[in-house]
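Dear colleague,

I am handing over the structure below, and my notes on it follow. Please read them with the structure open.

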Amino acid sequence: MLTTFGKQTQQQSSPSSLISIRGSLLFLAILTLLSFTYLSLKYSAPTPQYSVATLVDAEVKHAVPEGEKEEEFSDIYHSPHVFKLNYAEMEKKFKVYIYPDGDPNTFYQTPRKLTGKYSSEGYFFQNIRESRFRTDDPDQAHLFFIPISCHKMRGKGTSYENMTIIVQNYVEGLISKYPYWNRTLGTDHFFVTCHDVGVRATEGLPLLVKNSIRAVCSPSYDVGFVPHKDVALPQVLQPFALPAGGNDIENRTNLGFWAGHRNSKIRVILARVWENDTELDISNNRISRAVGPLVYQKRFYKNKFCICPGGSQVNSARITDSIHYGCIPVILSNYYDLPFNDILDWSKFSVILKEGDVYQLKKILKNISYEDFVALHKNVVKVQRHFQWNTPPISYDAFHMVMYDLWLRHHTVRY
Ligand SMILES: *[C@@H]1O[C@H](CO)[C@@H](O)[C@H](O)[C@H]1NC(C)=O
Ligand SMILES: *[C@@H]1O[C@H](CO)[C@@H](O)[C@H](O)[C@H]1NC(C)=O
Ligand SMILES: *[C@@H]1O[C@H](CO)[C@@H](O)[C@H](O)[C@H]1NC(C)=O
Ligand SMILES: *[C@@H]1O[C@H](CO)[C@@H](O)[C@H](O)[C@H]1NC(C)=O
Ligand SMILES: *[C@@H]1O[C@H](CO)[C@@H](O)[C@H](O)[C@H]1NC(C)=O
């Protein structure tokens, strides 16, 4: 049998058939090259969009029934139908295994607190534990969560050097104890950190930075954020002091607003250029509590646009504050991979400017027509639910959006 097989193979590889094989291989190579060129041209759109999602789109477009709630899924999404269907599949199938190791009273498993600037981290830890996505069976898991809270470590006064060592020891412990990390060198693992100190503390393990999915609040390139791999966590300062804004256009009589510390170059310039302006309400100091209760927050209700320049990091809780209070956020950053920007079309509910535009700020904002302003404002109200954490989590809230981003980044190859 074996010899016969060998003979047949030999016969097939006669000189003439070899030439034709070479010919067809060349043809195939050219075809592949052409289709790649076509695809890369097709997908070099300015807004990031996943080719996976686009491929699904082609298959499912006609399968979507004309639902009553269709309106909800319009405008603000890059691909409303794809989002709706993929999201439903994610809710049904997505499973995450949380490593059970580590003493919950130190830095593991439990969040520090659900308030303050970095509460997104705490909410995520709490939400995933009480969500349908958690599985105790690693064989069912699409992704593995490394539950180490750098925010909590910081709260306990751990030095930066010690934090790096703790993270390293913990993750190396998981690598030697369980078989899961080595199967993919960590590409199906993720961790979550809102404080930028967490990003730095994980840098002791290059594979953690390079391979695993990092869900971080400061998604700028100077902390090595990789948009197709990592996830931008929205920074949300909850609980909100006042109720959400909406249907209140008549009260938004002022053009633009910002009040805060001058802790970055762009903030210094913003304050210097516009501090005395009569239409832009720009103040280079936080509004003192002595002025009156919640004066800062109430200002968000009175303005059409709320200016959000980066501070010590590109991110700022001001963006989600603006969204909550119904004020159109004006992002003033050169490099900021905005949260969920592979799902949501930020140009539909915000104004995105480069730092250099600060000198033309008033001209740019006054140039936005009343109709465009109304449309932006209505869309801000539509996205509010995506930028809010809840306990327990509810569909389409910040937690579910982060889960959806993780779902988009999980690889279909199972081991
Ligand atoms: C850092 O770790 C060392 C050794 O465990 C410990 O003695 C020291 O107190 C720690 N320092 C801080 C600031 O956590
Ligand atoms: C994973 O690989 C590392 C490095 O090769 C090794 O030290 C570790 O023991 C492996 N883990 C398991 C569970 O085999
Ligand atoms: C507009 O502002 C007034 C005064 O602060 C307030 O009473 C009213 O409820 C606001 N209107 C809307 C639609 O929010
Ligand atoms: C704003 O007004 C203050 C006080 O009158 C003045 O000192 C400052 O130079 C003014 N700033 C600009 C940019 O005109
Ligand atoms: C004003 O808006 C028009 C049309 O929307 C645009 O072409 C123009 O560049 C804008 N000008 C400025 C200064 O933003």
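Is leucine 406 buried or exposed? Leucine 406 is buried, because 22 other C-beta atoms lie within 10 Å. Here a residue counts as buried if 20 or more other C-beta atoms lie within 10 Å of its own, as exposed if 12 or fewer do, and as partly exposed in between, with C-beta atoms placed from the backbone.

Before the rest, a note on the source. This is a predicted model, in which local features need pLDDT of at least 70 and side-chain atom pairs count only at pLDDT 80 or more, while totals for chains, interfaces and linings use all residues. Residues are numbered from 1 along each chain as its sequence is written, and chains are lettered from A and ligands numbered from 1 in the order in which they are written.

Surroundings of leucine 406

Leucine 406 sits in helix 16, residues 398-409. Helices (H or I, at least four residues) and strands (E, at least two) are DSSP runs, numbered from the N terminus. Neighbours within four places in sequence aside, leucine 406 is in contact with Leu143, Phe190, Ile213 and Val231; contact means that the C-beta atoms of two residues, placed from the backbone, lie within 7 Å. Valine 231 is 175 residues away from leucine 406 along the chain, yet their C-alpha atoms are separated by 7.1 Å.

Two strands pair if DSSP finds at least two bridges between them. Strand 9 (residues 303-309) and strand 10 (residues 328-332) run parallel and are joined by five bridges. Within that pair, isoleucine 307 stands opposite valine 330 of strand 10.

A helix pair

Helix 12 (residues 295-302) packs against helix 13 (residues 317-325) at an angle of about 60 degrees, and their axes are 9 Å apart. Axes are lines fitted to C-alpha atoms, for helices over the stretch in contact, and angles run from 0 to 180 degrees between N-to-C directions. Helix 12 and helix 13 are therefore oblique to each other, since angles under 35 degrees count as roughly parallel, over 145 as roughly antiparallel, 65 to 115 as roughly perpendicular and the rest as oblique. Gln297, Phe300 and Tyr301 of helix 12 make the contact with Asp321, Ser322 and Tyr325 of helix 13.

Backbone details

Two cis peptide bonds can be looked up. One joins glutamine 238 and proline 239, with omega about 0 degrees; proline 239 is in the loop between strand 6 (231-232) and strand 7 (254-259). Another joins threonine 391 and proline 392, with omega about -10 degrees, and proline 392 lies in the loop between helix 15 (370-383) and helix 16.

Asparagine 247, also in the loop between strand 6 and strand 7, has a positive phi of about 50 degrees although it is not a glycine. Asparagine 247 is exposed, because 10 other C-beta atoms lie within 10 Å. Leucine 294, in the loop between strand 8 and helix 12, has a positive phi near 55 degrees and is likewise not a glycine. With 12 other C-beta atoms within 10 Å, leucine 294 is exposed.

Regards
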